[in-house]
Amino acid sequence: MSILYFEDPQTILSLKTLFQILSFQVKYEQEIPENLPLPLLPALETNGEYVQGEEVIALHVATLKGKKNVSNWFGTKKDTRSEITQWTEFVNNLRNVLREKTDIKSTLGELNQKLSDRVFLINSFEPTFADLMLYPIVHFLITKIDEQQRNGFCNVTRYFNHLQNLAIISKNRIKELPLVPIQTGFNFESLIKPKVKQQPKKKNQNQKNQQQQQQQQQGGKGKRQKPTQEEIQRLREQKKKQQQQKKKQNQNNQQQQQKKKVEMPTDSFNHVNLQVGKIIKVENHPNADSLLIETIDFGEEQPRQVVSGIRKFYKHEELVGKLIVCITNLKKSKLRQVWSYAMILAASNSDHTQVEIIEPPQGSKVGERVLIGDLITTDPDKSLNPKRKYWKTMQMGLKTDESAVATFDGNPLKTTLGVCKAKSLTNCKIK
């Protein structure tokens, strides 16, 4: 029988140690070495061998589905692996504290606070190697406190119960880490006070006499009198008035909803900045056959570099010197390793076999803002917030009309010299 152990179980698990574990570069001895520090938990017997320490226990669970799946527990990103190392540090420190102290309430309090906003330690959707490392420690802590104390450390209890019921752990449960029954229900009956039937108060004789006198004066001896014709007419008019007010309110609500539908696209346009630009240089993209790199003047101190997918539809000499319409307040984007700082508007047919650039009238001023017809607009955003999706909403209303004029929600795009349009494509979407 052999003993599987680390040279120093107290050593903080670094990334180097993690990869050593993944490569199974650990030492085997035929006898128990002298002065080996005892682990917090008893050694686990697996296939005739004993393993000890949280690292090896966690590795045992992580390798249940084979060595190829071990890397899934360590994440694919450098930040995730760094966090796993930090949590492993915390587990090792926690183990040392538990060895030195007999009172575990302070330890539970610290752990309970750390788990207050976590489903798992690092990732909210799936556990990592850090959770497997912490699981034996939490198992030890939970078994040392009673049900009432577990409710006091509710975050630790919730976290542990979630872990012990995961499929990978429940289907391959280690006998030294058995299932701990956790009461998840709540006795609501204890909060419901029984209803006490109140005895009706006895009326004294004077109250009875007063009621009888009132009934006799009304002439009905307790019976409800029929409403008069005037009261009936008043109730009818009141009901009719209420119905008219309700109808008027519904009409106002409908008008407000229709107004919102009309104003929403215009509001999106107000945030977007469409400007006239002039192409001063064109070159092929080095990493894509369908892309061009244009240098465009927008009347700023420096021209901008723009990447567009019009290489199949225009020659270089056709583009140089051409006035175009661009959206200039999108966040910069990298297309095939080349940065683009604006986007050219172009009309396209349904199968994308024809593409035509949207052009402003000849003589339009470089840098001029393109507006919607004669509608008044506000100043555009300096840089569009991608989460607000103004540009995506605006694209739904952009298209050419029957005269190839570029429109938004039926309104023509215009500069001070006239409308912007495609060369020949009509009733086509603009992208």
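Which residues is Val138 in contact with, leaving aside its neighbours within four places in sequence? Val138 meets Leu111, Val156, Tyr159 and Phe160, where contact means heavy atoms within 4.5 Å.

## Basis and confidence

The structure is a predicted model, in which local features need pLDDT of at least 70 and side-chain atom pairs count only at pLDDT 80 or more, while totals for chains, interfaces and linings use all residues. Residues are numbered from 1 along each chain as its sequence is written, and side-chain values use heavy atoms, with hydrogens and water left out.

The predictor's confidence in each residue, pLDDT, runs from 0 to 100. Its mean for the protein is 76, with 69% of the residues at 70 or more. Over residues 1-51 the pLDDT is below 50, and beyond near neighbours in sequence this stretch has 101 contacts in the model. Residues 186-192 also stay under 50, and the model has one contact for them beyond four places in sequence. Where pLDDT is low, the predicted coordinates should not be read in detail.

## Overall composition

The protein contains 12 helices and 19 strands; these are DSSP runs numbered from the N terminus, with helices (H or I) of at least four residues and strands (E) of at least two. Of its 431 residues, 38% count as buried. Buried denotes under 20% relative accessible area, exposed over 50%, and partly exposed the range in between, with a 1.4 Å probe and protein chains only.

The accessible surface comes to about 28700 Å², and carbon and sulfur atoms hold 48% of this area; the areas come from the Shrake-Rupley method with a 1.4 Å probe, and for residues only the protein chains shown count as cover. Among contacts with a separation of 6 or more, 67% join residues 24 or more positions apart.

## The nonpolar cores

A nonpolar core is a set of buried Ala, Val, Leu, Ile, Met, Phe, Trp, Tyr and Cys residues joined through side-chain atoms within 4.5 Å. The largest such core has 38 residues, and those with the most contacts inside it are Leu111, Leu121, Leu134, Val138 and Val156. Two or more residues each come from helix 3 (78-100), helix 4 (105-114), helix 5 (129-143), helix 7 (154-164) and helix 8 (167-170). Helix 5 gives the most, with 10 residues.

Apart from this core lies another, of 25 residues, among them Phe269, Val276, Leu345 and Leu413. In soluble globular proteins, nonpolar side chains tend to be buried together.

In helix 4, the buried residues are Thr107, Leu108, Leu111 and Asn112. They are on the same side of helix 4 because they cover an arc of only 135° around the axis, the arc being that of the directions from the helix axis to the C-beta atoms. Their cover includes helix 3, helix 5, helix 6 (147-152) and helix 7.

Helix 7 is mostly covered, with eight of its 11 residues buried: Asn155, Val156, Thr157, Tyr159, Phe160, Asn161, Leu163 and Gln164. These residues pack against helix 4, helix 5, helix 6 and helix 8.

## Individual polar residues

Thr157, in helix 7, is buried at a relative accessible area of 9%. A polar atom of the Thr157 side chain lies 3.0 Å from the backbone oxygen of Phe153. Not counting residues up to four places away in sequence, Thr157 touches Ile142, Arg150 and Ile182.

Thr80, found in helix 3, counts as buried at 18% relative accessibility. With residues up to four places away in sequence not counted, Thr80 touches Phe74, Gly75 and Ile122. Ser170 has its place in helix 8 and counts as partly exposed at 33% relative accessibility. Leaving aside neighbours within four places in sequence, Ser170 is in contact with Gln164 and Asn165.

## Loop residues with positive phi

Gln337 lies in the loop between strand 9 (333-335) and strand 10 (338-340). Its phi is near 75°, a positive value in a residue other than glycine, and Gln337 is exposed, with a relative accessible area of 63%. Asn427, in the loop between strand 18 (418-419) and strand 19 (429-430), has a phi near 50°, a positive value in a residue other than glycine.

Definitions and conventions
A polar contact is a pair of N or O atoms within 3.5 Å; within protein, one must be able to donate a hydrogen and the other to accept it, and residues adjacent in sequence count only if both atoms are side-chain atoms.
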